[in-house]
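Try each task before you read its solution.

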Amino acid sequence: ALGNRANLLSAQWALDSARALQEILLPALQRVNPEGHDRVLIAESNLAFTRLRLGDLAAAESGFVRAHAMGLRLHGPRHPLSLIPLNNIGRARYLSGRAVAAESVYRASLGHLRAASAATSATATTAWIWLGKSLGAQRRFPEALVALDSAAATVEAREPGGVPPAEYGVARSEVLWAAGRVDEAERALRPVLDRLRKNLTARDVGVADAAMLLARIVQARRGAVPDSARAAEVRALSNEALARYRALPAYARQAAQAESLAKAP
């Protein structure tokens, strides 16, 4: 019951409350299962993910490393309970600015997934997306787009005609924008942002991140539309992001960036 309550709070982005419950649950499970158990592994991984979303990247990475080690001990390297925390180790490294280290994690994960005949699983889709982001952060744009195309291909293999997750669309738009392909980035991102607005809760920063990216893209389109229209949309998008970031103290840096962009001429 405690775990379910924490999961509900996490889904609602009540992250401090979720973390408080998870910090009670994990040691209780560890006392009952001192040699390790799937429930301990999942609780460790859930707490680490909440810490990740709160910006405590070092603690999150440590938790994912412990969960991955337990998964290896209980199930070996190819089991989902080993591979999901491995992917999240890569996510923590990417978010802490260590794109090269993240790349190595995702390449290892994809190797295990191929060996497990799970190369088109949802876990593989996630790994390809974050590999693409990691390559994009290294300015290896052609490789990044190939990785993101591979993510989309896993979705098509599982569900012909299926739509890749919004996370894919945001990542691809970000790579296109960084590569200077601004018009393509904007065309790709607008429908993704609309999907996020419809599907995510009011506090979810996924909308804020996409809105901020679109604000930067619109700002970069100098001369493509009249300056007054461009400036108005940049302000609206930045303020949309700001309202969400301000609700979460861990996103103070992003809130400051949104506020600055909203005030830009």
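This is a predicted model: local features need pLDDT of at least 70, side-chain atom pairs count only at pLDDT 80 or more; totals for chains, interfaces and linings use all residues.

**Exercise 1. Work out which secondary structure elements the protein chain contains, and in what order.**

Start with the count: the protein chain has 13 helices and zero strands. Then read along the sequence, where the pattern is α-α-α-α-α-α-α-α-α-α-α-α-α.

**Exercise 2. Compare the radius of gyration of the protein chain with that of a compact globule.**

First take the expectation: for 265 residues, a compact globule would have a radius of gyration near 18 Å. Next take the value for the protein chain, 19 Å, which agrees.

**Exercise 3. Check the span of helix 3 (residues 38–53), then find what its buried residues pack against.**

Begin with the length: at 1.5 Å a residue, the 16 residues of helix 3 should span 22 Å. The end C-alpha atoms of helix 3 are 22 Å apart, so the two values agree. Now list buried residues, meaning those under 20% relative accessible area; among them in helix 3 are V40, L41, E44, L47 and R51. The buried residues of helix 3 pack against helix 1 (2–11), helix 2 (15–32), helix 4 (57–75) and helix 5 (80–95). Last, step just past helix 3 to G55, which takes a positive phi of about 90°.

Terms used: Residues are numbered from 1 along each chain as its sequence is written. Side-chain values use heavy atoms; hydrogens and water are left out. Helices (H or I, at least four residues) and strands (E, at least two) are DSSP runs, numbered from the N terminus. The radius of gyration is taken over C-alpha atoms; the globule rule is 2.2 Å times the number of residues to the power 0.38. The expected span of a helix is 1.5 Å times one less than its number of residues. Buried means under 20% relative accessible area, exposed over 50%, partly exposed in between (1.4 Å probe, protein chains only). Contact means heavy atoms within 4.5 Å.
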